[in-house]
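Here are a few notes to go with the model, jotted down as I went through it. Have a look at the structure first, then read on.

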Amino acid sequence: MRHAAPVRALPACAPTPGEGAYPQVGAYQEIARSSSVLPVKEITVDIWTDVVCPWCYIGKRRFERALAAFVARDRVRVRWRSFELDPHALRVTDETIAERMLRRQGIPPHEAARLLAGVTDQAGAEGLAYRLDLARPCDTFDAHRLIHHAAAAGLAEPFQERLMRAYTAEGASVGDHPTLLALAREAGLDAGPAAEVLAGDAYAQDVRSDEDLAARLGVGGVPAFVVDGQPPLAGAQPATVLASLLGRAR
């Protein structure tokens with residue numbers, strides 16, 4: 001399922017809104033702690049990401065900051081949803097992000113370097129050390145299947161984290177099966193069952209169901225956040241905005 005690219009710089013990766021797009025009213029903690037009354041029900045947060053989306057890792061960090069300050073954080077359940085930026089990408093490739101930007105969007109190398117440097121700067125502000133010159137965009141369908149497997153074992157978050165860091169900072173090929181297995185082991189998954197998942201088609205329908213749901217909800221770019229059934233919010237939103245979104249789910 002191919003999705004239209006919402007931004008020129010990184011296809012289907014939704015960047016941070018422009019400066020001034022949201023009011024800067026105090027720290028995000030003030031919004032997240034605006035209520036002293038705990039909710040009586042679980043709050044579900046669905047987050048659509050792709051592991052080869054640099055904005056998604058930034059969005060993950062900002063959501064974590066908002067969640068850490070949220071008074072009802074212990075009642076929040078996060079579900080990582082699948083989204084493929086390019087369902088037709090090769091599983092393993094030597095093509096860089098800049099080369100892909102030139103091939104698919106006609107963006108010259110100097111402009112691609114400027115845009116990627118901007119993403120890297122924003123990642124740095126969140127404590128993330130990007131090396132996007134090493135990153136190789138690839139097919140992520142199997143990575144998403146393995147994330148669903150990790151979720152069944154209660155390890156979706158650490159595996160998602162490990163995949164994102166491997167792609168954005170280490171130049172790991174997250175479509176390559178041996179690489180995926182190594183990363184899965186580092187995240188705490190048993191190698192045997194993980195290898196069985198990759199060898200077959202387990203969780204393929206889960207990935208497709210996530211993508212179908214995204215289409216029905218109008219999610220065309222990632223990261224995208226759906227908090228307790230509220231309308232989707234796309235982009236690597238500031239922590240203040242995500243804290244406000246959590247607060248409305250009380």
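1. A cut-off to start with: a residue counts as buried when its relative accessible area is under 20%. Keep in mind that this is a predicted model.

2. Ala66 is a clear case for that cut-off: its relative accessibility is 0%, so Ala66 counts as buried. You'll find Ala66 in helix H2, which covers residues 54–69. Have a look at Leu245 while you're there: 179 residues separate Ala66 from Leu245 in sequence, yet their C-alpha atoms are 9.4 Å apart in space.

3. Now the whole chain. The protein chain has 250 residues, and 53% of them count as buried. Among contacts with a separation of 6 or more, 78% are between residues 24 or more positions apart.

4. On secondary structure, I get 10 helices and 4 strands for the protein chain. Reading from the N terminus, the order is α-β-α-β-α-α-α-α-α-α-α-β-β-α.

5. On the H5 side, the contact uses Phe141, His144, Arg145 and His148, and H9 brings in Ala204, Asp206, Val207, Arg208 and Asp210. Sorted by class, the contact between H5 and H9 has 4 charged, 3 nonpolar and 2 polar residues.

Terms used. Residues numbered from 1 in each chain as written. Predicted model: local features only at pLDDT ≥ 70, side-chain atom pairs only at ≥ 80, totals over all residues. Heavy atoms only, no water. Contact = heavy atoms within 4.5 Å. Helix = DSSP H or I, 4+ residues; strand = E, 2+ residues; numbered from the N terminus. Nonpolar A, V, L, I, M, F, W, Y, C, P; charged D, E, K, R; others polar. Buried < 20%, exposed > 50% of the residue type's maximum accessible area, 1.4 Å probe, protein only.
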